[in-house]
Amino acid sequence: MSVTAPKSPGVITTAVPARLDRLPWSRWHWTIVIGLGTVWILDGLEVTVVGNIAGRLSEEGSGLPITSAQVTGIAAALYVAGACAGALFFGHMTDRFGRKKLFMVTLAVYLVATALTAVSFSSWWFFVFRFLTGFGIGGEYAAINSAIDELIPSKYRGRVDIVINGSFWLGAIGGSLLSIVALNTDLFPANVGWRLTFALGVVLGLVILLVRRNVPESPRWLLIHGREQEAERLVAEVEEQVAEEKGRPLPSADREMTIHQRGGVGFGLIARTVFSRYRRRAVLGFSLFIGQAFLYNAITFGFGAILTTFYDVPTSDTGYYFAFIAAGNFLGPLLLGKLFDTVGRRIMISGTYLLSGLLLFGTAWLFDRGSLDEVTLTVCWCVVLFFASAGASSAYLTVSEVFPMETRAMAIAFFYAIGTAAGGISGPLIFAELTKSGVVSDTVLAFQIGAGLMCAAGLVAALLAVRAERRSLEDIAEPLSARGSDET
């Protein structure tokens with residue numbers, strides 16, 4: 001047994017974290033990845049669909065009195081604002097009531113809001129339910145990232161987290177291709193096709209909901225909240241499954257820790273922990289999130305508008321181009337993810353941010369010279385985002401592993417909300433105006449702002465990134481509940 005009888009009320013000694021970290025990769029881990037990670041596909045579908053249908057929604061006969069700039073500007077900003085609010089609200093609930101309860105609730109919120117978006121009859125209705133869709137997705141970021149990092153062995157944590165967050169772009173590919181079919185007026189009327197894209201999101205969400213029922217609560221969370229017997233039972237069942245699958249006994253866990261159990265953590269303690277005890281890590285988190293948020297939420301929301309404005313690409317064809325850059329976005333995390341566990345966090349985080357920023361500066365220069373057409377611009381973006389996507393995914397990995405377990409979901413939510421609010425709310429509002437102007441220099445400025453912030457974040461990472469590769473979460477940041485911690 002790895003949980004001994006309490007030495008005093010509310011104090012236990014346990015090897016559960018070490019037992020989880022020493023597990024070899026198994027079918028059980030694939031269940032976690034599929035049940036939790038697939039929601040990013042929905043997020044990618046949502047964001048991409050809206051960007052690609054912006055032109056159609058603004059056309060006569062769409063069924064909505066709305067302009068393209070309102071879709072890529074106001075609606076995009078409201079979606080991100082909802083995601084920020086949802087992250088903060090559900091992040092606190094996740095740390096308080098557990099990962100499993102909240103990742104079921106947040107997915108339900110997403111499903112309802114997306115279904116009601118599909119039946120929009122006026123611009124205000126569309127805006128309201130874009131906000132609420134974002135509210136559900138934002139909650140997912142906190143609940144899912146914290147659960148993934150606490151369930152995946154330390155040896156694989158980096159690559160799994162990077163690839164899962166990068167799976168957003170599988171949804172983007174699907175959304176791009178779906179928009180091509182849905183916007184074909186030979187197949188669907190102009191006021192029906194765009195609604196079907198949102199309806200598909202509901203169908204996919206329902207499938208994920210069924211799979212997710214089999215994902216367990218985090219044993220680490222159970223331990224701290226006085227449910228050590230449940231944590232012990234869960235880990236023992238997993239060990240039995242994995243040992244049977246591998247056909248050999250598991251190695252023994254080599255570490256125990258003593259913790260004080262507690263019911264919850266207040267905002268005051270969270271703030272002191274993040275901004276006093278771990279202030280350098282806080283600066284790192286802010287920098288990474290602001291850089292990637294401007295690049296993605298600000299510019300890629302309007303990629304379809306750039307194609308139609310500067311290259312006269314038909315609205316119905318923008319999905320082909322976006323599917324291409326989305327493929328580059330997914331291949332980046334997929335092919336580079338393992339290096340975050342082998343080469344290391346500091347080199348890979350700083351390298352992906354700096355390289356993507358420099359490449360985007362080069363793209364802006366070529367665009368300003370008139371050297372790019374719609375195909376070569378798309379190729380340039382594909383290369384930029386190959387590296388930027390891995391970097392952006394590492395922002396979520398970073399803030400989910402460098403703060404104590406009791407604050408994990410709230411830390412993810414806080415950095416996501418602040419960073420994304422800076423880049424994801426102001427960005428779409430600013431860049432929607434820049435890209436719709438039809439003035440080359442305005443769009444060049446948009447590119448340069450995104451590139452500059454990515455480079456700045458890369459320099460911060462080069463100085464402050466934590467060497468967290470292959471280390472236990474408890475080694476990277478001692479739990480506040482650990483006996484002897486000065487925060488208990």
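## What counts as a pocket here

A pocket is an open set of grid points with protein on both sides within 12 Å along at least five of seven lines, whereas a cavity is a set of points where a 1.4 Å probe fits but cannot get out. Keep in mind that this is a predicted model.

## The largest pocket

Let's start with the largest pocket, which has a volume of about 300 Å³. Its lining is made up of 16 residues, and the ones closest to the centre are Trp30, Val33, Val160, Val163 and Ile164.

Next comes the second largest pocket, with about 240 Å³ of space. Its lining has 18 residues, and Ala18, Asp21, Asp254, Arg255 and Ser472 sit nearest its centre. Helix H1 (16-21) and helix H21 (473-476) are the elements that give two or more residues to the lining of this pocket, and H1 supplies the largest share, at 3 residues.

Sort the lining of the second largest pocket by class and you get 5 nonpolar, 4 polar and 9 charged residues.

## A closer look at Ser472

Ser472 is one of the residues nearest the centre of the second largest pocket. You'll find Ser472 in the loop between helix H20 (440-464) and H21. Is Ser472 buried or exposed? Its relative accessibility is 12%, and the cut-off for buried is under 20%, so Ser472 counts as buried.

As for neighbours, the side chain of Ser472 makes a polar contact of 3.4 Å with the side chain of Asp21. Leaving aside residues up to four places away in sequence, Ser472 touches Asp21, Ser154, Arg157, Arg220 and Arg255.

Now for the cavities. How many of 30 Å³ or more turn up in a search of the whole structure? The search finds 3. The second largest cavity holds about 60 Å³ of space, and its lining consists of Thr14, Pro17, Arg220, Leu223, Ile224, Met257, Ile259, Met405, Glu474 and Pro479. Arg220, in that lining, is also among the residues that Ser472 touches.

Helix H10 (219-224) and strand E2 (257-260) each bring at least two residues to the lining of the second largest cavity, with H10 giving the largest share, 3 residues. By class, the lining of this cavity has 7 nonpolar, 1 polar and 2 charged residues.

Key. Residues numbered from 1 in each chain as written. Predicted model: local features only at pLDDT ≥ 70, side-chain atom pairs only at ≥ 80, totals over all residues. Heavy atoms only, no water. 1 Å grid on protein atoms, 1.4 Å probe; cavity = no way out; pocket = protein on both sides within 12 Å on 5 of 7 lines; lining within 4 Å. Points joined across faces, edges and corners; volume = space filled by probe spheres on them. Helix = DSSP H or I, 4+ residues; strand = E, 2+ residues; numbered from the N terminus. Nonpolar A, V, L, I, M, F, W, Y, C, P; charged D, E, K, R; others polar. Buried < 20%, exposed > 50% of the residue type's maximum accessible area, 1.4 Å probe, protein only. Polar contact = N/O pair within 3.5 Å; in protein donor to acceptor, adjacent residues only side chain to side chain. Contact = heavy atoms within 4.5 Å.
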